[in-house]
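Hi there,

Here is the structure I promised to pass on. Have a look at it first, and my notes come after it.

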Amino acid sequence: MTWLDLPADTLFGIDNLPYGVFSTADDPQRRRLGVAIGTWVLDAGAAARAVGSPDPLLEAPSLDPLLAAGRPAWTRVREALTRWLSDPAFRTVVEPCLVPAEGVALHLPFTVGDYVDFYASEHHASNLGRIFRPGSEPLTPNWKHLPIGYHGRSGTVVVSGTPVVRPNGQRKAPTDAAPTFGPSRRLDIEAEVGFVVGAASELGTPVAQEDFAEHVFGVCLVNDWSARDIQAWEYVPLGPFLGKSFATSVSPWIVPLDALPAARVAPPTRDVEPLPYLDDRDAKQPWGLDLAMEVRVNGSLISRPPFAGMYWTAAQQLAHMTVNGASVRPGDLFASGTVSGPDRGTEGALIELTWNGERPVTLDDGTTRSFLDDGDEVTITATAPGRDGGRIGFGEVTGRILPAR
Ligand SMILES: O=C(O)/C=C/C(=O)CC(=O)CC(=O)O
Ligand SMILES: [Ca+2]
Ligand SMILES: [Mg+2]
């Protein structure tokens, strides 16, 4: 229980406490570490000072030092924040450190290190296989043996709200004789879940699945904007490149893994036996997570992707990403891959929802979309089960398309 007067159905209750970085209109240059609670942002550094235990990890203008500090520090800081917001004895000193959330600007909360994007939804992978590689098996022979991924461009990871300029590039439809250059005509979204690495691992030493929570700090939402025409022409044989590197949007609030015990679920049954380092069948609690996502274009709900059905978990992805000895560093971000369910209306990308443009979606204003128009605003939200029947909110990742330059 918190001494704040929060509605029972708040998505930012005391069992969530996601971390972000904010500034206020009267001091726009000063970035501060904040924690979302109800309709407020707690200035975490100021609160620590107010209770008489200033904390350098909370004074930084980003989450970087906290991420690097590792699991014991994450536990200590979360326990302290919970105590300050629960124990009425702290109310008079902590309450002045609450800032109304509607008035703050939210920034990219950490320095993004390496960025990896996976491909973990069987439904998405099968759909894209059918669309991109008609006549072949939808799933490639490796798909159920390893979590397929690629390294993306961390420098173009942007915070929610950043406009996305339509990319120019080479486009070539299978029927075109030669490629042409110009603005993408098939600009798409990918609704994904991102995992933020905190504690580094050692070069040469893989991170086993059971050590997932020692290294991963928290979870955010990701929109992996994708120019399908550029992608389809460029991706053979090395994979996505300019069709995805122009921008990747992330939500500003990082929900700690510690907020998600009630969200953990068993992943779907795998029909191919995984190699030992990927096997999670005996794990006490594998890392399936029951996030209910929603995708809106200009406010119209177009899809509800279910994260619980992802074939590969984030713990398997981290184990795979490091099994060759590659290390991870604070701020590394890896995304799940597009979250698509088996049913119509649960696909995480327009290319699937509209089946390559053949069946456009109708928005609430009566207009239709195969892919995104200039001016369109895409917003992805998610919630997960929380304590005592409550829900954990992830906030949103949103972005509006600007015309090509
Ligand atoms: O199947 C392909 O050739 C391409 C697939 C993608 O575009 C997907 C990708 O970025 C990974 C994902 O989000 O699942
Ligand atoms: Ca993707
Ligand atoms: Mg991208």
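Below is what I found, starting with the conventions.

This is a predicted model, so to speak of local features we need pLDDT of at least 70, side-chain atom pairs count only at pLDDT 80 or more, and totals for chains, interfaces and linings use all residues. Residues are numbered from 1 along each chain as its sequence is written, while chains are lettered from A and ligands numbered from 1 in the order in which they are written.

The domain assignment (bounds come from an automatic or database assignment) gives domain 1 (19-107) and domain 2 (115-402). Their C-alpha centres are 29 Å apart. In the contact (C-beta atoms, placed from the backbone, within 7 Å), domain 1 takes part with 13 residues and domain 2 with 14 residues. On the domain 1 side, strand 1 (19-24), helix 3 (64-69), helix 4 (71-86) and strand 5 (104-107) each supply at least two residues; helices (H or I, at least four residues) and strands (E, at least two) are DSSP runs, numbered from the N terminus.

Ligand 1 is surrounded by 14 residues (C-beta atom, placed from the backbone, within 6 Å), and the closest are Tyr 119, Leu 128, Glu 190, Gly 337 and Thr 338. Helix 6 (residues 122-132) gives the most to this shell, with 4 residues.

Finally, Ala 384 lies in strand 25 (residues 377-385). Beyond its neighbours within four places in sequence, Ala 384 is in contact with Leu 260, Ala 263, Leu 289, Asp 290, Leu 291, Arg 391 and Ile 392.

Best wishes

Terms used:
Two residues are in contact if their C-beta atoms, placed from the backbone, lie within 7 Å.
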